[in-house]
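Colleague: I am new to this model. Please take me through it, and tell me what each term rests on.

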Amino acid sequence: AVCSMGNSTSRLYSVLAKTLSSGAVSQHQDCLEQLDSAQLDPIDPKDLLEECQIVLQKRPPRFQRNFVNLKKNTASNHRPIRVMQWNILAQALGEGKDNFVQCPMEALKWEERKCLILEEILAYKPDILCLQEVDHYFDTFEPLLSRLGYQCTFFPKPWSPCLDVERNNGPDGCAMFFLKERFELVSTANIRLTAMKLKTNQVAIAQTLKCHETGRLFCIAVTHLKARTGWERFRSAQGCDLLQNLKNITQGAKIPLIVCGDFNAEPTEEVYREFANSSLNLNSAYKLLSPDGQTEPPYTTWKIRPSGECRHTLDYIWYSQHALNVNSALGLLTEEQIGPNRLPSFNYPSDHLSLVCDFSFNQDPDRLL
């Protein structure tokens, strides 16, 4: 098969089109294996956004979400670092296992849903993107985002539930992307989380980056903990394991840290308290949107399944609160925007909301964490 990957708009559309049918997936993956993404032509994000909007022209427009300024008179001498956290909903699970009873199957078609996902990413232009439930990494996210200037890393779950779905696209996992023009990769660790000393099906990626503009090091991590009620102690053990790994990587909090993830845990759970009370001195960025700065949002996921309506706060961006400042955070969708049928929908591609924060380094690098 010949892969046309030039940088004209028509050829760009052919890259998008290669994943429009599941039958093209294996053919496209063969093609990717023959090509080093670093040798491919760059994509203009405006061109990609335009192509996504052509595919989505029959769908309702994107929801308007505004950034809330959280800066408290702290001067910064560098551009903020924008971090985006999002469980994008694995395609195989959305179509085959999750039973979103109010969401029409047509709204879940990959050829359109992937364009909604890309449109959301392109709208917020993150410097660092942390995703969970990625099962189209090799045929969609890696080839496109690498050509937008991102360095890409993927770590699949060892026993992904996607593999149980007929005509799946391989395992889902966590993925991390950072802009090479802004950061240099210093070290990377793919972590298979343990619980009670046993290896589990959940994973994390932790990367130490150097900011070109400031010369400062920081660590960024992405994870997705075990789902479902009844697994609270298991999540707690996974959280302890992840924290221990991050303590080692950050040399006991000498290196500032940002942790993005779908923790599958409400703020009342033990794993949340472990992160909040850790010696790494972490705070949850989205608490800062509340009037008292101490309360998590009322929801980060809202869906309707056969068992009923599920509205939960499960997704977080944790950060080293003495080393980093949160300049702004993207407001969440309102109940009115989400609508009575909840998520996902024709308007929005996932059952989880994306979280986006702008960070700056504390101006005193020697200040104790």
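Modeller: Seven strands make up an open sheet, ordered E1-E14-E15-E2-E3-E5-E4, with mixed pairing. Strands are DSSP runs of E, at least two residues long, and helices are runs of H or I, at least four, numbered from the N terminus. This is a predicted model, in which local features need pLDDT of at least 70, side-chain atom pairs count only at pLDDT 80 or more, and totals for chains, interfaces and linings use all residues. Residues are numbered from 1 along each chain as its sequence is written, and side-chain values use heavy atoms, without hydrogens and water.

Colleague: Why do strands E1 and E4 stand at the edges?

Modeller: Strand E1 (67-69) and strand E4 (150-156) each have a single partner strand, so one side of each lacks a neighbour in the sheet.

Colleague: What makes E4 and E5 a pair?

Modeller: Two strands pair if DSSP finds at least two bridges between them. E4 and strand E5 (residues 173-179) are joined over seven bridges, in the antiparallel sense, so they meet that definition. Phe-154 has Ala-175 in E5 as its bridge partner.

Colleague: Which residues of helix H3 are called buried?

Modeller: Buried means under 20% relative accessible area, exposed over 50%, and partly exposed in between (1.4 Å probe, protein chains only). In H3 (residues 45-55), Leu-48, Glu-51, Cys-52 and Val-55 are buried.

Colleague: Why are they said to be on the same side of H3?

Modeller: The arc is taken from the directions from the helix axis to the C-beta atoms. These residues cover an arc of only 100° around the axis, which puts them on the same side of H3.
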